[in-house]
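Here are my notes on this model, as numbered points. Please read them with the structure open.

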Amino acid sequence: MSRGTGIVPDESMFNEFKRQCLSTENWLSKYDKNDMEVWVEVAPLSASTNSKGNFSKVHKIKCRMNIKDVSAATMFDVLHDGMYRKTWDPTMLESFDIARLAPNADVGYYSWLCPNPLKNRDVVTLRSWQASENEYVIINFSVKHPKFPPRKDLVRAVSFLTGYLIRPTGPNSCIFTYLSQADPRGSLPKWIVSKASQVLAPKVLRSVHKAGQNYPAWKAANSPDHKPWLYPIQSELPMMDPAELSIQRGDSLENVDESLTKDAQENEDSS
């Protein structure tokens, strides 16, 4: 996976991400309803399971929504606006930007709630983005930051290449694609992998869509002209030398065996 001469993504990495977003090979549809579809990557049986019947460490999921009432530009803003995210993200524990690396790249921290009884997770990621009239792209991957080591109360997960591809289909509509390739650092049971694709992912996507619908009114009352992801001169983040960061490898982190945990919400509505 090319990152040019440094850790900040180059054009080839954005192209690879877009290729995977649009690919249909080796993806199995797990949910297809109400203009929303969710896929999981299909891998050879020998590579995807272990002797206990649990799935491989790397979990790949792709989600796509046909949004008919929110523009691509608005959805892009929603994903960037950290203040707004606190009002709509149903799984977020804590989220903040740490430093700026380039006009279109930063490093940040995010922790989230996992389905009970699994342990909650967190990540430190390098995020980079591109915006044009034809498409908006956000990608991230895990990095090591010297001031934000793994915490004892959370499991440090690893993002290999995760992000969003948003393409307008009209002035107030778009195709919104989310692709995640991550190692949750644990031996997860089959029920959580199934639940992630059939229940949790659609639930989060619906939350993102609703956030997009409500964003213009919220932003109009909350610093409407402040968009540092579009106007870097507005950023108040400290600059950081990308050389201070390194790629986070999963093998250097704690691995948690949660393979025997049972679903604490088996009767949750999966519609």
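1. This is a predicted model. Start with the pairing of E2 and strand E3 (residues 59-67): they run antiparallel and share 5 bridges. Within that pairing, methionine 36 has methionine 65 of E3 as its bridge partner.

2. E2 also pairs with strand E1 (residues 27-33), again antiparallel, through 6 bridges. Leucine 28 is bridged to valine 40 in E2. E1 and E2 make a hairpin with 2 residues between them. In the turn, asparagine 34 has a positive phi of about 55°.

3. Why is strand E2 (residues 36-41) described as largely enclosed by the rest of the structure? Because 5 of its 6 residues are buried.

4. A charge-ring contact is worth a look. Lysine 62 places its charged end over the ring of tryptophan 39, 5.8 Å from the ring centre.

5. Helix H3 (residues 72-80) is mostly covered, with 8 of its 9 residues buried. Among them are Met75, Phe76, Val78 and Leu79. Asp77 and His80 are buried too.

6. The whole structure holds 9 aromatic pairs. Tyrosine 110 and tryptophan 112 are stacked, at 5.8 Å centre to centre and 20° between the planes. Tyrosine 110 counts as buried at 16% relative accessibility, whereas tryptophan 112 is partly exposed at 22%.

7. Tyrosine 164 and phenylalanine 176 form a tilted pair, because their planes are at 55°, with centres 5.6 Å apart. Tyrosine 164 lies in strand E10 (residues 162-170) and phenylalanine 176 in strand E11 (residues 173-183), so the pair ties together parts 12 residues apart in sequence. Both residues are buried.

8. One aromatic cluster is formed by Tyr84, Tyr215 and Trp218.

Key
Residues are numbered from 1 along each chain as its sequence is written. This is a predicted model: local features need pLDDT of at least 70, side-chain atom pairs count only at pLDDT 80 or more; totals for chains, interfaces and linings use all residues. Side-chain values use heavy atoms; hydrogens and water are left out. Buried means under 20% relative accessible area, exposed over 50%, partly exposed in between (1.4 Å probe, protein chains only). Helices (H or I, at least four residues) and strands (E, at least two) are DSSP runs, numbered from the N terminus. Two strands pair if DSSP finds at least two bridges between them. Rings of Phe, Tyr and Trp (its six-membered ring) pair if their centres lie within 6.5 Å; planes under 30 degrees apart count as stacked, over 60 as edge-to-face and the rest as tilted. A charge sits over a ring if NZ of Lys or CZ of Arg is within 6 Å of the ring centre and within 35 degrees of the ring normal.
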